[in-house]
Amino acid sequence: MQPQIATRWPLFDSIFHNDLVFQDWEENYSHTYLYFLNWLDLQFITSPQSSDVVRAGVRTAILGSIWTISIAILFAFPIGVGAAIYLEEYAEENTINRIIQTNINNLAGVPSIIYGMLGLTIFVRALEQITSGAMFGYGDPSTANGRTVLSAGLTLGILILPLLIINSQEAIKAVPNSLRFASLGLGATQWQTIWHHVLPGALPGILTGTILSISRAIGETAPMVVVGASTFITVDPDNAFSKFTTLPIQIYQWTARPQEEFRSLAAAAIIVLLFMLLSMNASAVILRNRFSRRK
Amino acid sequence: MPENKQVEITNAQQQIAIEALGLNIHYGDFLAVNNIDLKIIKNKVTAIIGPSGCGKSTVLRAFNRMNDLVAAARVSGEILYQDINIYDPEIDPVEVRRKIGMVFQKPNPFPKSIYENVAWGARINGFSGNMDELVEESLQHAALWDEVKDKLDQSGLSLSGGQQQRLCIARTIAIKPDIILMDEPASALDPIATLRIEELIRSLSKDYTIIIVTHNMQQAARASDFTAFFSVDENRSGYLVEYGITDSLFTNPQEQITEDYITGRFG
């Protein structure tokens, strides 16, 4: 016989009004066992999504988040830093470049749902053959469409691109001109100057900007909804053409459920999300400090 | 400039290292330097002096095309180095700067080790010999070796201002240029460090042609063989007033304006 849940008490009451919980249990449910469950445990992190609230976990969502963010960074970092180098070191002061600069600044402020629609149109629909993996023989033939990790990653990549460019530009600007002159005065080419002096000098700033962008991307929910994150999926993403969900989507989905205990699950997932964010930011700070100390 | 003032320089039977011919430099529409003719003698120290804004640093930077880095600067006229006009469109400014090195007003070592500061320029220029030897030789030439030989792996920024400037000179020597341009190399240093730089300039002139811009007339008198005096005309454009052997320019200036400047009546 499966154990049945007779009733449950909120977290707040079980911590601060412990005596009332016991009193209630003794008066009304004395024929049952009383358990104090810890939502956030190793089992929660390592289990896939499930409709059983006790067995449900966030592994699928964490992996989905990691996959999308990795693709976003792989896509946006080279383009973003490259664009920043071009704009700061090569671009001449003219109307076209001023328009580009203004547009980048504006794009950084565009609501993320707009990027979601862009991702839906371009990556999910127009480039479906590529993003679904059909072209490469990958993917799930039953549901083959562009709603994959790849589409979501590229959408997030475009979303953080303006932020990355602006942050990298600021970092490159902060490298003193005297360093450039010193290098060029020794007969270095412009690229040698950039590669050996400007980029190492700007790297801590670029890394900080990248981490800030990741933090922004990892919490994005709206574009993921539009691009088509699955709301219920129990299979881990294992390649770029997998269906996926991400942590914020998972949290959103759990809070939307009618059963009250899923809200506790959502709360636990929020703590996981926060922990991921904070530990990434911390590692960025450590990385940055190490770089600046090496000078 | 009247012809007779060029005479004593060309009569000296010296080789010319680099020569400016009808050099004009504009910043946007503003003519900063007007029609300069200047012959720089090989293996000698030539000082360029003059009041602020007379374009002496601008002329110096023209000699290794550092003005290219200033977007608004435009150079016309010729600078002949080994019979080639370095402003010829065919000429790569990077090649020019490998032959004509530069030391800046403010010491600007790279945020790298002392060793790397010296070795980097040589390495990117394709130096394939013994790097340790080159670094030691360059630092010795720059009179810095004894002070840093035990801490070559420390940051170049950990040195004092005077040491940093000598490190910058060492890294310029390491690429074995023909000509070294120095833009007020001692103006950010204290008197003792300044003196050491001047001694260094004197000893380097055995192997290199040196052009030094300074606003310190004593420095020009102490450290240079030839002196060019620049001034500003009524349009605020810089021009060459007088050029000659340093001793005679300071003791027997040909132009009233030169005399006024070196005796401190203006500038």
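Helices are DSSP runs of H or I with at least four residues, strands are runs of E with at least two, and both are numbered from the N terminus. The model is predicted: local features need pLDDT of at least 70, side-chain atom pairs count only at pLDDT 80 or more, and totals for chains, interfaces and linings use all residues. Residues are numbered from 1 along each chain as its sequence is written, and chains are lettered from A and ligands numbered from 1 in the order in which they are written.

**Exercise 1. Describe the secondary structure and dimensions of chain A.**

Step 1. Count the elements. Chain A has 13 helices and zero strands.

Step 2. Take the extents. The C-alpha trace of chain A spans about 85 × 45 × 30 Å along its principal axes.

Step 3. Check burial. A residue is buried with 20 or more other C-beta atoms within 10 Å of its own, exposed with 12 or fewer, and partly exposed in between; C-beta atoms are placed from the backbone. Buried residues make up 37% of the 295 in chain A.

**Exercise 2. Work out which elements of chain A touch chain B.**

Step 1. Two residues are in contact if their C-beta atoms, placed from the backbone, lie within 7 Å. The contact takes 14 residues from chain A and 20 residues from chain B.

Step 2. Assign the elements. On the side of chain A, α9 (177-185) and α10 (190-218) give two or more residues. The most come from α9(A), with six residues.

**Exercise 3. Find the residues with the most neighbours in the largest nonpolar core.**

Step 1. Define the core. It is a set of buried Ala, Val, Leu, Ile, Met, Phe, Trp, Tyr and Cys residues joined through C-beta atoms within 7 Å.

Step 2. Of 79 residues, B:Ile48, B:Ala170, B:Leu181, B:Ile210, B:Ile211 and B:Ile212 touch the most other members.

Step 3. Look at one of them. Leaving out residues up to four places away in sequence, B:Ala170 touches B:Val118, B:Ser138, B:Leu139, B:His141, B:Ala142 and B:Leu144.
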